[in-house]
Amino acid sequence: MKIDWCSCDGTGFERAQRKANEYPTANTQELQPVNENPRIAGTPMLSRRQLLWGSALSATSFAAAGRSALANVSVRPGGHKAAQSTSPNVLVTIFLRGGADGLNIVVPYGEDAYYRNRQTIGIAAPNDKRQTQRALKLDEFFGLHPALSALQPLYGNGSLTFVHACGSGDQTRSHFEAMSTMESGAKDERSDSASGWLARHLASTQARTNSPLRAVAFSSVMPDVLRGATDATALNSLDDFHLHRPRSSPSSTSMGEQHEEGMHQALMQMYADGHDEITQAGRETLSVLKTLNRLAPQQYQPAGGAAYPETDLGNGLRQVACLIKADVGLEVACLDRGGWDTHIAQGGTDGWMAQQLNDMGQSLAAFTRDMDKQMRHVTVVVMTEFGRRLQENSGLGTDHGRAGVMMLLGGGVRGGQVFTRWPGLEDDQLEAPGDLRSTTDYRDVLAEVLAKRLHNNRLEGVFLKHYPRFCRLLNA
Amino acid sequence: MQRRDLLQFGALTAAGMLLPGCSRVVRRALPVQSPDSIALPQGDVAPLVRLVNRVSFGPRPGDLARIAAMGLTRYIDEQLNADDREDMVLTARLHSVEVFQTSAIELGDLPERAVVRQLQQAALLRAVYSRHQLRERMVDFWSNHFNIYAHKGWGAYFKPLDEMQVVRRHALGMFPDMLRASAHSPAMLSYLDNQTNRRGVPNENYARELMELHTLGVDGGYTQKDVQEVARCFTGWTVEDRFLRRRGNFRFDPAQHDDGPKTVLGLKIPPGGGQQDAERVLAILAEHPATARFIARKLCRYFVGEENSHWVSKLAAIYLQTKGDIKAMLRPLLLSPQLLHAPPIVKRPFDFMVSALRTLNADTAGSAQLQEHLARMGQPLYLWPMPDGYPSQTAAWTGSLLARWNFASALAHGEVGGTSVDLSALASSDAIAHDAADSKDHKQVRALAQIILPGQAATDRYTTLLKQLANHSVQRSEVAALLLCSPQFQWR
């Protein structure tokens, strides 16, 4: 049987308390019934954060190690100011790598040119009764790919919006250049910078807490968008995040843990000074280890019956939800989803891209359900480096194009609209060699999110002297 | 590796060498030898360590003294003139890797992940044990330059041939030959979609990456129009159908070739050229000054760690003079005194893993458990999806430290499957100068420190830590693990 003494949704506290009582040495004074919403309550109720940091953990895994040195030095939390301030908003970015085909995600079914150029892979109009699989109506001109049906209710209830014909000024149509442009927050490939826009955002705003989990990328390598951030962490999975415990250490688990503590302390010493990237990263890693040791992410149970797909994106969003609910100071989470470079066999309402979209729709719908009321603190931005060419190619796919679609979901979003300054799809309206023109600068969208949701008022530094024009996509 | 995988795989494997029992047989019959001496040469070893760390995947015990004795020039020339001879330790272990032994027909019967596993196994074994370390470093360089993603299409099945005929064959040869081989390689044709590049509706993927990543570089002066024209030149370059029954060879399909006139980088390509259109493009690109500069820049970054404009110009000039002779570019670079004092370069996870295995003189089969550690560190070989290869910037790898520490700990504790280390042999070496007053614990700690961090541990802030470790009689395995975990060991 699994021990789920402390799941991140907060339902585990009663079990935690029972468990804690089994350890007479543990400090159980702080364990009280959890108010559903401690920060709104008028009485000086303890926050989840305090519960987690203060006692629940010392009561369990560390307590099991008895007189472990690490337990003595690390369990005491720092100041509680952050926990008592209003909940920080969280930005979740999802980067669709490879150039997602915006024209088949939000389908301009009102354009004849769309169907002339996409005879095989085009998505039928919502009112096209000849087809059983067709776009879901968003308005009189745009329809949603049917594989994203899980998102339709969110569009309907006003928490989801699309920005069409949106992109950067990148002219290379190279994945790497276009990604680099977008992740560095630059105008185009000629103006990109070595650091990422999220790294500059983090640098230009005050961290709400000293959390090592302020910015987390669920990725084996740090994405460029966080390059240059000293307070960002790249993780494959929260579950794997602990130091090795040798099997060969004599028998009991507590010895394994003592080895782990010994390693931790020796590493702290080795990485104590030095300002190169590796030494800094080492210090941050050790700090993250401390924090995650206090959580039990592998036991996380989503709320509301939310079912995340067993995919990288589903698992990533599930872990983001866990971190947000655990209230460990997360402000920014970055996720990636590859597989959008559909040069061949892209498919229409079925096929490769439809499967990709289905995963994305199911994952985002599960995340929204799981976060429930807390979703008002969370804004999800979905972006891609460029859209794809209007005309399908001989491999029944599409080549690299220009403008694409961005999605905004969650807190503060003025949903239920497809925002666009539509450039049109006729030959004279396209950009050579046959691509959707970009009429909304992606930086305007990101800047509005940073300003209105993460309260960044130093945007000119974040977007390299670009003075953004907001599109009224979000409420202040 | 799951037990089920093993069984399934073993049944399919003619030699069956990958079964743990059998690989143990090989390892017992041909164990990794302990070095005669692991003494360090006299004097300041830092420049020597720097050079050996750049030319190779890091010294094995005894290497530094041997190289110091033979002289750096001879060492580099020996490394540049790699031949096909390898030590039996490596040859015997490679013998079990059937993806390089069997025909494509049989290969097609293996599950894809088994093929990838064997590809990774061979790469690890060669990097750890090859006496031709520089060639292995260049194989790493070119494997990323001409990156193939094994999980796209038939990539895994095409990659063994690509590995042998493109990357390994030309790693220290002539760049234009390698470029041509890559352009004809079914692995590349399939990975960058050129097999679907047909007359009328060209697919630009290969054409673009050929110029951006393989030759000119993104600032190399080509335009979107050039990409489209090069794509037209490559129409009809495809992979033989039903490759499992034949060998998956390159095929030119005249019916799918766009035979009209083209202009590439301002040069006219007359109509009716057929396959020669793209051969001409490859020649134009290979002799282009932008290609010379691009390759020179990458080599500088790889070996020196920075783009020194003097060296970039010098190497680019050699490239143009010698028509792309890789050895001719490398020799002055590696012999340059500048290299001895170059800034540190972060080890990518593969570099880190291989250097750890080498420094501890590990006995490894390169098996799946080892590969899992590499994947956790973020660099599973042949599985970088994008054509630019694994990143080399430090910032890209700052998230990999925990996985590195955990590998170091597992390796030192003998908990990496198919891999063992004999720390007592290393720690008890009497070849290291000791204070007569040293306790046994102190001697062991100092011996390990000198092997893993040669020339560093004695002189810097580790002294205190090492003393503490010795005073508390910390186990050898934990000392070795910590030294591999140190910030210093993450750099070369």
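In which sense, left-handed or right-handed, does helix 13 of chain A pass helix 14 of chain A? The points below take up that crossing first and then turn to the rest of this predicted model.

1. Helix 13 of chain A passes helix 14 of chain A in a right-handed crossing. The contact draws on A:L313, A:G314, A:L317 and A:A321 from helix 13 of chain A, and on A:D359, A:M360, A:S363, A:A366, A:F367, A:D370 and A:M371 from helix 14 of chain A. By class, the residues of this contact are 7 nonpolar, 2 polar and 2 charged. Helix 13 of chain A covers residues 312-326 and helix 14 of chain A covers residues 352-371, and their axes come within 9 Å and cross at roughly 15°. The two helices of chain A are therefore roughly parallel to each other.

2. The axes of helix 21 of chain B and helix 22 of chain B come within 8 Å, with a crossing angle of roughly 160°, which makes helix 21 of chain B roughly antiparallel to helix 22 of chain B. Their crossing is left-handed. On the side of helix 21 of chain B the residues that meet the partner are B:H373, B:R376 and B:M377, while helix 22 of chain B brings B:A403, B:R404, B:F407 and B:A410. The residues of this contact divide into 4 nonpolar, 1 polar and 2 charged.

3. Of the 476 residues of chain A, 55% count as buried, and of the 492 residues of chain B, 53% do. Among contacts with a separation of 6 or more, residues 24 or more positions apart account for 69% in chain A and for 71% in chain B.

4. Where do the two chains meet? In all, 41 residues of chain B are in contact with 42 residues of chain A. On the side of chain B that touches chain A, helix 13 (205-214), helix 14 (224-233), helix 22 (401-412) and helix 26 (476-485) of chain B each supply at least two residues. By class, the side of chain B that touches chain A holds 17 nonpolar, 16 polar and 8 charged residues.

5. Helix 26 of chain B deserves a separate remark, since 10 of its 10 residues are buried and the helix is mostly covered. The buried residues include B:R476, B:E478, B:V479, B:A480 and B:L483. Leaving aside neighbours within four places in sequence, B:L448 is in contact with B:R476, B:V479, B:A480 and B:L483, and also with B:L426 and B:A427.

6. B:L448 also figures in the largest nonpolar core, which has 260 residues and in which A:M406, B:L315 and B:L448 touch the most other members. The largest share of this core, 11 residues, is supplied by helix 8 (residues 112-129) of chain B. As background, nonpolar side chains in soluble globular proteins tend to be buried together.

7. B:Y382, which is not a glycine, has a positive phi near 65°; B:Y382 lies in the loop between helix 21 (368-377) and helix 22 of chain B. With 21 other C-beta atoms within 10 Å, B:Y382 is buried. A:H455 likewise has a positive phi, about 55°, although it is not a glycine, and its place is in the loop between helix 15 (442-453) and helix 16 (459-462) of chain A. A:H455 counts as exposed, with 12 C-beta neighbours inside 10 Å. The peptide bond from A:A432 to A:P433 is cis, with omega near 0°, and A:P433 is found in the loop between strand 11 (417-419) and strand 12 (440-441) of chain A.

8. A last point concerns A:H275, in the loop between helix 11 (253-270) and helix 12 (277-293) of chain A. With 7 C-beta neighbours inside 10 Å, A:H275 counts as exposed. From A:H275 to A:C322 the separation is 47 residues in sequence and 32 Å in space, taken C-alpha to C-alpha.

Conventions: Residues are numbered from 1 along each chain as its sequence is written. Chains are lettered from A and ligands numbered from 1 in the order in which they are written. This is a predicted model: local features need pLDDT of at least 70, side-chain atom pairs count only at pLDDT 80 or more; totals for chains, interfaces and linings use all residues. A residue is buried if 20 or more other C-beta atoms lie within 10 Å of its own, exposed if 12 or fewer, and partly exposed in between; C-beta atoms are placed from the backbone. Two residues are in contact if their C-beta atoms, placed from the backbone, lie within 7 Å. Axes are lines fitted to C-alpha atoms, for helices over the stretch in contact, and angles run from 0 to 180 degrees between N-to-C directions. Helices (H or I, at least four residues) and strands (E, at least two) are DSSP runs, numbered from the N terminus. Angles under 35 degrees count as roughly parallel, over 145 as roughly antiparallel, 65 to 115 as roughly perpendicular and the rest as oblique. A crossing is left-handed if the near helix is turned anticlockwise from the far one by less than a right angle, and right-handed if clockwise. Ala, Val, Leu, Ile, Met, Phe, Trp, Tyr, Cys and Pro count as nonpolar, Asp, Glu, Lys and Arg as charged, and the others, Gly among them, as polar. A nonpolar core is a set of buried Ala, Val, Leu, Ile, Met, Phe, Trp, Tyr and Cys residues joined through C-beta atoms within 7 Å.
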